[in-house]
Amino acid sequence: MRQFSRHRRPQGSGQRGQAIRFWGRHAVLAALANPERTVKRIWGTREALGQLDLPPVIPISYADVADLARLVARDAPHQGLVIEVDPLEEIYLGDLLQDEVDAGSTRPLVVLDQVTDPHNIGAVLRSAAAFDAAAIITQDRHSPPESGVIARSASGALEIVPWVRVVNLSRALEEIAEAQYWRIGLMGDTETTLGSVLDGSKVALVLGSEGDGMRHNVMEHCDVLARLPISPRMESLNISNAAAIALYAVATAGR
């Protein structure tokens, strides 16, 4: 059976031990429901905490709205709940690909090149969860760490969709190809549309940042470049919108 290698991050580059804070009902409830997530403390109003069935091992602090606001980013909509958590354990690309192959899965992958806005990462995670993507994959030094902003934007999807960080995105795309994925780079400057290249194969959708797009080396590691059939009156779409539309196209191809 094909065994995939592990793309490891450099020693010391992970977030382990660096506690982070999440806020908002969806992010907090999803973190509490995730057995892989270590929750270290929770703060909340009496009303918000009274609606939760919390395990006795989690330290609880009652706080008013003003106190909670001081625990999170400025103007963050905490909805009366804040938790402190450890980042999730890192996931290795080789392990994920092997699991997908062993399961006979055809779920898509989403590969993001230099997408650094945490709001966009969170929104892509949310779309990935909605359309049952197997994972999102980013390059470690060209993507943000886990954060409350991402968790809030993902609306719980950070706890559901595996987020794989790799050292080298081009090498990761080579390994993805070995796992029999059709690597489709999304860009506007091509005549080929996404729908015309979807043939039922396993797909890895590759998206670049809104400013610079995909780097040349990443583009060269795609099997085909395709565009979304948007109106010529629109120059481009937000990265999270483009990911959602592309994932929908993959999910409905051949129906």
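Which residues in helix 4 meet Ala172, Glu175 and Ile176 in helix 7? In this predicted model, the residues on the helix 4 side are Leu93, Gly94 and Leu97.

The two helices pack with their axes 11 Å apart and at an angle of about 20°. Because angles under 35 degrees count as roughly parallel, helix 4 and helix 7 are roughly parallel to each other. The crossing of helix 4 past helix 7 is right-handed.

Helix 7 spans residues 169-178, and its buried residues are Leu169, Ser170, Ala172, Leu173, Glu175 and Ile176. In general, residues three or four places apart in an α-helix point the same way, because there are 3.6 residues a turn. At the start of helix 7, the backbone nitrogen of serine 170 has a side-chain oxygen of asparagine 168 within 3.0 Å. After the helix comes glutamine 180, which has a positive phi, near 70°.

The elements given with residue ranges are listed below.

| Element | Residues |
|---|---|
| Helix 4 | residues 93-102 |
| Strand 5 | residues 109-113 |
| Helix 5 | residues 118-130 |
| Helix 7 | residues 169-178 |

Glutamine 114 is located in the loop between strand 5 and helix 5. This residue counts as buried because its relative accessibility is 19%, and the cut-off for buried is under 20%. Apart from neighbours within four places in sequence, glutamine 114 has contacts with His142, Ser209, Gly213 and Arg215.

An unreviewed UniProt entry annotates residues 21-91 as "domain: RNA 2-O ribose methyltransferase substrate binding". Over this range the chain is 27% helix and 24% strand, with the end C-alpha atoms 21 Å apart.

Note on methods:
Residues are numbered from 1 along each chain as its sequence is written. This is a predicted model: local features need pLDDT of at least 70, side-chain atom pairs count only at pLDDT 80 or more; totals for chains, interfaces and linings use all residues. Side-chain values use heavy atoms; hydrogens and water are left out. UniProt positions are given in the numbering used here, feature names are shortened, and annotations may be inferred rather than shown by experiment. Helices (H or I, at least four residues) and strands (E, at least two) are DSSP runs, numbered from the N terminus. Buried means under 20% relative accessible area, exposed over 50%, partly exposed in between (1.4 Å probe, protein chains only). A polar contact is a pair of N or O atoms within 3.5 Å; within protein, one must be able to donate a hydrogen and the other to accept it, and residues adjacent in sequence count only if both atoms are side-chain atoms. Contact means heavy atoms within 4.5 Å. Axes are lines fitted to C-alpha atoms, for helices over the stretch in contact, and angles run from 0 to 180 degrees between N-to-C directions. Angles under 35 degrees count as roughly parallel, over 145 as roughly antiparallel, 65 to 115 as roughly perpendicular and the rest as oblique. A crossing is left-handed if the near helix is turned anticlockwise from the far one by less than a right angle, and right-handed if clockwise.
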